[in-house]
Amino acid sequence: MSHTTDKQLLNRLRRANGHLAKIVGMIEANRDGMEIAQQMQAVISALENAKVVLIRDHIEHHLEEIVGDLGPDAREKLGRLSDLAKFL
């Protein structure tokens with residue numbers, strides 16, 4: 001799978017972009033700092049989630065290049081291993 005066509009990744013990045021645009025507007029409108037900080041956290045979370053999706057895809061893609069198609073059991077184990085990506 002190409003990262004550039006991954007709908008899940010693109011949706012997460014679009015969400016982060018939307019939150020970031022909202023932050024710019026909030027600053028221009030001189031909104032409350034707490035509200036701005038909350039939106040900034042939403043951008044950080046959206047980007048972190050996008051990073052996890054990207055890393056999981058990257059690991060799976062290159063592992064399949066090396067060992068070939070992964071069966072259901074291997075995919076399940078890989079999924080658990082890929083959960084570590086959220087800590088990177």
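In the predicted model, helix α1 passes helix α2 in a left-handed crossing; a crossing is called left-handed if the near helix is turned anticlockwise from the far one by less than a right angle, and right-handed if clockwise. Helices (H or I, at least four residues) are DSSP runs numbered from the N terminus, as are strands (E, at least two). Helix α1 covers residues 7-28 and α2 residues 33-67. The two pack with their axes 9 Å apart, at an angle of about 165 degrees. Axes are lines fitted to C-alpha atoms, for helices over the stretch in contact, and angles run from 0 to 180 degrees between N-to-C directions. The angle of about 165 degrees therefore makes α1 roughly antiparallel to α2. Angles under 35 degrees count as roughly parallel, over 145 as roughly antiparallel, 65 to 115 as roughly perpendicular and the rest as oblique.

The residues of α1 that meet α2 include Leu9, Arg12, Leu13, Ala16, Leu20, Ile23 and Ile27. Among their counterparts in α2 are Ile36, Met40, Val43, Ala46, Leu47, Ala50, Val53 and Leu54. Sorted by class, the contact of α1 with α2 holds 16 nonpolar, four polar and three charged residues. Here Ala, Val, Leu, Ile, Met, Phe, Trp, Tyr, Cys and Pro count as nonpolar, Asp, Glu, Lys and Arg as charged, and the others, Gly among them, as polar.

Two residues of this contact were examined individually. Arg12 lies in α1 and, leaving aside neighbours within four places in sequence, is in contact (heavy atoms within 4.5 Å) with Ala46, Asn49, Ala50 and Val53. Met40, in α2, is 17 residues from Ile23 in sequence and 7.0 Å from Ile23 in space, C-alpha to C-alpha. Met40 counts as partly exposed because its relative accessibility is 39%; buried means under 20% relative accessible area, exposed over 50%, and partly exposed in between (1.4 Å probe, protein chains only).

The loop between α1 and α2 contains Asn30. Phi of Asn30 is near 60 degrees, a positive value in a residue other than glycine. Most residues other than glycine have a negative phi. With a relative accessible area of 70%, Asn30 is exposed.

The axes of α2 and α3 come within 10 Å and cross at roughly 140 degrees, so α2 is oblique to α3. This crossing is right-handed. Arg56, Ile59, Glu60, Leu63 and Glu64 of α2 make the contact with Arg75, Leu78 and Ser82 of α3. These residues divide into three nonpolar, one polar and four charged. His61 also belongs to α2 and, at 27% relative accessibility, is partly exposed. The C-alpha atoms of His61 and Ala29 are separated by 44 Å, the two residues being 32 apart along the chain.

The chain averages a pLDDT (the predictor's confidence in each residue, from 0 to 100) of 84, and 91% of the residues score at least 70. Mean confidence is highest in α1, at 91, and lowest in α3 (residues 72-82), at 79. Where pLDDT is low, the predicted coordinates should not be read in detail. Residues are numbered from 1 along each chain as its sequence is written, and side-chain values use heavy atoms, with hydrogens and water left out. For this predicted model, local features need pLDDT of at least 70 and side-chain atom pairs count only at pLDDT 80 or more, whereas totals for chains, interfaces and linings use all residues.
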